[in-house]
Amino acid sequence: MGKDLIIVESPAKVKTIKKFLGRNYMVHASVGHVRDLPTKDLGVDEAKDFKPKYQVIQGKQKVVNALRDAAASADNVYLAPDPDREGEAIAWHVAELIRKENQNISRIQFNEITARAVREALENPRPLNENLFDAQQARRVLDRLVGYKLSPLLWKKVKRGISAGRVQSVALRLIVDREAERHAFTAEEYWTLRVELSGATPPPFRAELHKVDGKKPVVGDAETASAIEATVKDSNTQFTVEKVEEKKRLRHPQPPFITSTLQQLASQRLGYSAKRTMSIAQRLYEGVELGEQGTVALITYMRTDSVRIADEAQQAALALIGDMYGKEYLPEKPRFYKTKSAAQDAHEAIRPVDVSLTPDMVHNLLPREQHSLYKLIWQRFVASQMASAEFHDTAVTVAAANTQWRAKGERMLFPGFLAVSPQKGTETEELPKLEEGQLVSLTNFEKEQKFTQPPPRYTEASLVRELEEKGIGRPSTYASIISTLIDRDYTSLEDKHFIPTDLGRVVCEKLSMHFVTLMDVGFTAQMEDALDKVAEGEQNWVDLLKDFVKDFDPTLEKASSEMEAVKQGLTTEVICSECGKPMIIKFGKAGTFLACSGYPDCKNTTNFTRDEDGNIQIVERPQEEPEKAGTCPECGKDLIVKKARTGSRFIACSGYPDCKHTEPFSTGVKCPRCETGMLVEKSSKRGKIFYSCNQYPKCDFALWDWPVDEPCPQCDSKVLTIKTTKARGKHIACPEKSCRYTRSLGGDNESSDDSEE
């Protein structure tokens, strides 16, 4: 009897699976995709029903040969890539490449990498799902048609080397439209009014203006605010408790994580990008080293939009809750959450593989970022199966002359799920005992001028939420959508908010003007629904593509002749300081800059940024003596500190242009993540300084504040930072969002805030 072969995607899985399978199995990895469309031509034969011209990916021939050799010596081949469309496509391509060596090919899949799950999968093999593969193939061909045909047009009209994507372009539109809303926004003045009142028993309490003359108050200026103040401060005015409402309220736990909610909360709580979250989750899913236990998979598959969980996982959670917290923390009946109708329910929500393995048990066995994400997933899952939190709510209405004031109080009666997952804002101030008709006295009057705020820029969390709500993309694509927009320099991410660059605005404007259907959010969502129907066998993928190109090809042809070119630059109202002609925005290799429209007669250029209103702000060139930074290793002349066009410092030889030696401006602090690189000064396209690992893209660690080579005394962070705030000025702070450690630059006044978020 020979051996059976299991082919997975990742080498990390090989180690995990080999640990609990016997000698009768070989386990190999495809290391991701093995075939794809060619990189140098369209690779799709539109005349033959969009037949793709697949080829082995460059550098993968050695992997393919190893898979073929293993298949030739195996009795049976089990294809076990990830349980989604992308995994089905990988399995399909592997099958096509090894079919000559072995005909006994089956597909297996598992939602968690455990001995039980893998053995169950081996006991229930199935044929490859052609519908799932067709759905992935349709998406790949669709994106290739758009990208390969649209990008050359943008090269010709806007800037060489840029590109467009079917889904990414619509996501860009959301960001650009939000910025336009902000610039068009006109702030309006309003005033908030509060009173502090005291009753017969302490404590005093605060109430906000609720009604004036029985209507919702509109306090738009100081005069109105002062008039109300004068009315209630009048000696004849009495404050009378008009109404007291008391009731019990239940607060229910949220369902376990799906991909989008995990990305959102990891961004809000931990400050992780969507890409970083998925990378960490991938490692937790594939297996990590846990000391004497060896390689252990900690979470279920992390690309999912289903909130369903397995019965045995639920029972394990209920048993743990009863043991750890007590029977009163169990719900009256097990909780089940409803998955959205459009979701793919092929596998479970994201949960711990073994809920009894608590975050505390693995705290010293995992790197900090893996432990933080595992803790987030574990808490969310356990909380989802617990009893509701109970609160006692009190709402009091106080009348004074022609005004009414409202005070709300909240008292927790029973923490329920909050015992495992504390959250901000779970309590408000408790009100004193009050009765209707009771008189209370005014002890203080507060009025504050405010202005309405424009809609906020998207963060990674809010953008993922928007993409999900509008049906743009799928859970597996959110991280790549965001990364692509940043990598293409269509948007920058500053202070965790997306700001479209000038290049991004121009690309969005051109595409929105000439490709109305392609850039329509509703159309993109409909296309996702159509791809889902292909996966379900309800739609033919070739017909889907034929319908698409019917509109796309004529639109592309029309845009090629009608789209106005901006390669020469965008006109501005800024005047050249040297010749008086208008300056134009140019798109260079290092980003955007201002250049004189009188070129080549005038070669004046300058850097610029934009303020909150989108107005151009010229970055003045400093005139001070250059700072020396040592001796050039190539020519022996002085090295000097220079500034890049976007504002960050770098080291360059003073002998330029004869010697072109340059190096990054180092902070002298080793990268805390990879521990091989150094943190160096960089700047975003909009001039925001940050500090990142010089091993990028191998390591993408970055900080907004100057790093200090010192570990945090309260968490696992290997560095601290010098932070500046209005309240404290310059001070030392931990860069980890979940840790509130701070101290003065002098080393005293150490403080922290251990409250949960």
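Q: Across the interface of domain 4 and domain 6, how many residue pairs are in polar contact?
A: The model is predicted, and a pair counts here with both residues at pLDDT 80 or more. A polar contact needs N or O atoms within 3.5 Å. Across the interface of domain 4 and domain 6, the rule finds one residue pair.

Q: Which element gives the largest share of the side of domain 4 that touches domain 6?
A: Two elements give two or more residues to that side of domain 4, namely α8 (259-270) and α11 (368-384). The largest share is four residues, and the element they come from is α8.

Q: How many salt bridges does the rule find across the interface of domain 4 and domain 6?
A: The rule asks for a side-chain nitrogen of Lys or Arg within 4 Å of a carboxyl oxygen of Asp or Glu. E369 and R673 form a salt bridge, with their closest N and O atoms 3.9 Å apart. For the interface of domain 4 and domain 6, the count of salt bridges is two.

Q: What area do domain 4 and domain 6 bury between them?
A: The size of an interface is often given as the accessible area lost when the parts come together. For domain 4 and domain 6, 40% of the buried area is on carbon and sulfur atoms. On the side of domain 4, L270, R276 and R368 lose the most area to domain 6, together 56% of what that side buries. The area buried between the two domains is about 650 Å².

Q: What distance separates the centres of domain 4 and domain 6?
A: Domain 4 covers 259-387 and domain 6 covers 666-748. The centres are taken over C-alpha atoms, and their separation is 29 Å. The contact takes nine residues from domain 4, and from domain 6 it takes six residues.

Q: Is H661 buried or exposed?
A: H661 sits in the loop between β26 (649-653) and β27 (662-664). Not counting residues up to four places away in sequence, H661 touches several residues, including C632, L639 and I651. The cut-off for buried is under 20% relative accessible area. H661 has 12% relative accessibility, so H661 is buried.

Q: With which residue does the side chain of H661 make a polar contact?
A: The partner contributes a side chain, and the contact is 2.7 Å. A polar contact requires N or O atoms within 3.5 Å. The partner of H661 is E663.

Q: What is the relative accessible area of G537?
A: G537 lies in the loop between α15 (521-535) and α16 (541-562). G537 is partly exposed, because its relative accessible area is 48%.

How values were computed: Residues are numbered from 1 along each chain as its sequence is written. This is a predicted model: local features need pLDDT of at least 70, side-chain atom pairs count only at pLDDT 80 or more; totals for chains, interfaces and linings use all residues. Side-chain values use heavy atoms; hydrogens and water are left out. Buried means under 20% relative accessible area, exposed over 50%, partly exposed in between (1.4 Å probe, protein chains only). A polar contact is a pair of N or O atoms within 3.5 Å; within protein, one must be able to donate a hydrogen and the other to accept it, and residues adjacent in sequence count only if both atoms are side-chain atoms. Contact means heavy atoms within 4.5 Å. Domain bounds come from an automatic or database domain assignment. Buried area is the accessible area (1.4 Å probe) that two parts lose on being put together, summed over both.
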